[in-house]
Amino acid sequence: MKDKAVLHDHLDGGLRPSTIIDLAHQLNIKLPTTDKQLLADWFFENISSQQNQVFNKFELTISIMQDEESLERVAYEAVEDLTIDGISQGELRYAPLQHLRKGLKPQNVIDSVSRGLQRGMDKFGGNFNSILCAMRQNEDSSEVADLAISNYLNGVVGFDLAGPEYGYPPSKHIEACMKIHNSDIGLTIHAGEAANFSYIDDAIFNCKAQRIGHGWQIIDGCTENDGLFEPNTKAAEYILEEKIPLEICISSNIKSGASDITLESHPVIKLFNSGFNVTLNPDNRLMASTTLSQEYEIAKKDFGLTEDKENEIIQNTKNSLFQNSNL
Ligand SMILES: [Zn+2]
């Protein structure tokens, strides 16, 4: 198995079904089923085209990650699962302010996750850090930015805007983004997953994002000629020339219901062949029922990714880690 890296993997989207069953039992939380496979199927089941439905699934995973032990366990197991998948370097993301329902302070949440990641690294090796997400529908992004900055030496390397994209453009959180821009923390923003190209433009030029989460809708800032995308907008041109990493998540795009993209129409390889800095990621291993290895398999099987190009994408991804770069 090739040694790989991952940039875009949500901690609350990658729990093991067995852990959910175990923790829900301890916490007396009702599950739709207590059968491991049926529960995995429930998380994966097709999510229709209603753009916010995927978030219902997170409601359940987040509800069992409200105490220090659970958070530490989920982080530790993420390192183990990623290691088993051949990943030795990675950035796991979560929204710390979503884990305060039972009285934890934001710093307790971050300390618990960082402890889990460290314990995982002590056991399995590798280098794993975290990215703190602010939920774009909320008004507390500045607080999350401050937490990211003050935890730079506590395992946090990045800041992200996550949650429902439509109606919440990145510059709604310009204050938080500028704080991050003026710090050592890396800035990535979900843009062009559900919403259109203007959100990518906004993320790049107004908010100074260094990486784009998903970003496949960059194709609307390009002209397609002979299967290659040529920028016809300033934002697409900038992303191409500056090699801004696109955190592409094929299975998740198809399954999340956030857009109507299909496997056949996904532009991942055309973007790569056009010179964009494409990286592959699982996004939510549980909800998309995938692993990073499976994403590479899809790229090979369905898009004809050759071994040389696979190695190039793996290297792009490693080079794009906030923890490895001075982006
Ligand atoms: Zn994501």
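In S3, Ser130 is the bridge partner of Leu92. Glu91 stands opposite Asn129, also in S3. Both pairs belong to a predicted model, in which local features need pLDDT of at least 70, side-chain atom pairs count only at pLDDT 80 or more, and totals for chains, interfaces and linings use all residues. Residues are numbered from 1 along each chain as its sequence is written. Helices (H or I, at least four residues) and strands (E, at least two) are DSSP runs, numbered from the N terminus.

Start with the strands. S2 and S3 (residues 127–135) pair in the parallel sense, over six bridges. Two strands pair if DSSP finds at least two bridges between them. S1 and S2 are also paired in the parallel sense, over five bridges. There, Lys4 stands opposite Ile87 in S2. S2 is mostly covered, with six of its eight residues buried. A residue is buried if 20 or more other C-beta atoms lie within 10 Å of its own, exposed if 12 or fewer, and partly exposed in between; C-beta atoms are placed from the backbone.

Eight strands form an open sheet in the order S1-S2-S3-S4-S5-S6-S9-S10, with parallel pairing. S1 and S10 are the edge strands, each pairing on one side only. On average, neighbouring strands of this sheet are turned by 25° against each other, direction ignored. Helix H4 (residues 68–84) packs on the sheet and touches S1, S2 and S3. The direction of H4 makes about 145° with that of S2. Axes are lines fitted to C-alpha atoms, for helices over the stretch in contact, and angles run from 0 to 180 degrees between N-to-C directions.

Strand S4 holds Val156. Val156 is buried because 25 other C-beta atoms lie within 10 Å. Leaving aside neighbours within four places in sequence, Val156 is in contact with Ile110, Asn129, Ser130, Leu132, Ala148, Asn151 and Ile185. Contact means that two C-beta atoms, placed from the backbone, lie within 7 Å. The C-alpha atoms of Val156 and Ala24 are separated by 28 Å, and these residues are 132 residues apart along the chain.

Next comes helix H6 (residues 141–150). Its buried residues are Ser141, Val144, Ala145, Leu147 and Ala148. Seen down the axis of H6, they fall within an arc of 160°, so they line one face of the helix. The arc is that of the directions from the helix axis to the C-beta atoms. These buried residues pack against helix H5 (106–124), S3, strand S4 (156–162) and helix H7 (174–181).

Helix H12 (residues 292–303) has 12 residues, which should span 16 Å at 1.5 Å a residue; its end C-alpha atoms are 16 Å apart, which agrees. The expected span is 1.5 Å times one less than the number of residues. Leu292, Glu295 and Ala299 in H12 are buried. Seen down the axis of H12, its buried residues fall within an arc of 55°, so they line one face of the helix. They pack against S1 (4–10), S2 (87–94), helix H10 (250–255), helix H11 (268–273) and S10 (278–280). Gly304 follows H12, with a positive phi near 70°.

The axes of H1 (residues 17–27) and H2 (residues 36–44) come within 9 Å and cross at roughly 105°. That makes H1 roughly perpendicular to H2. Angles under 35 degrees count as roughly parallel, over 145 as roughly antiparallel, 65 to 115 as roughly perpendicular and the rest as oblique. Pro17, Ser18, Ile20 and Ile21 in H1 meet Lys36, Leu39 and Ala40 in H2.
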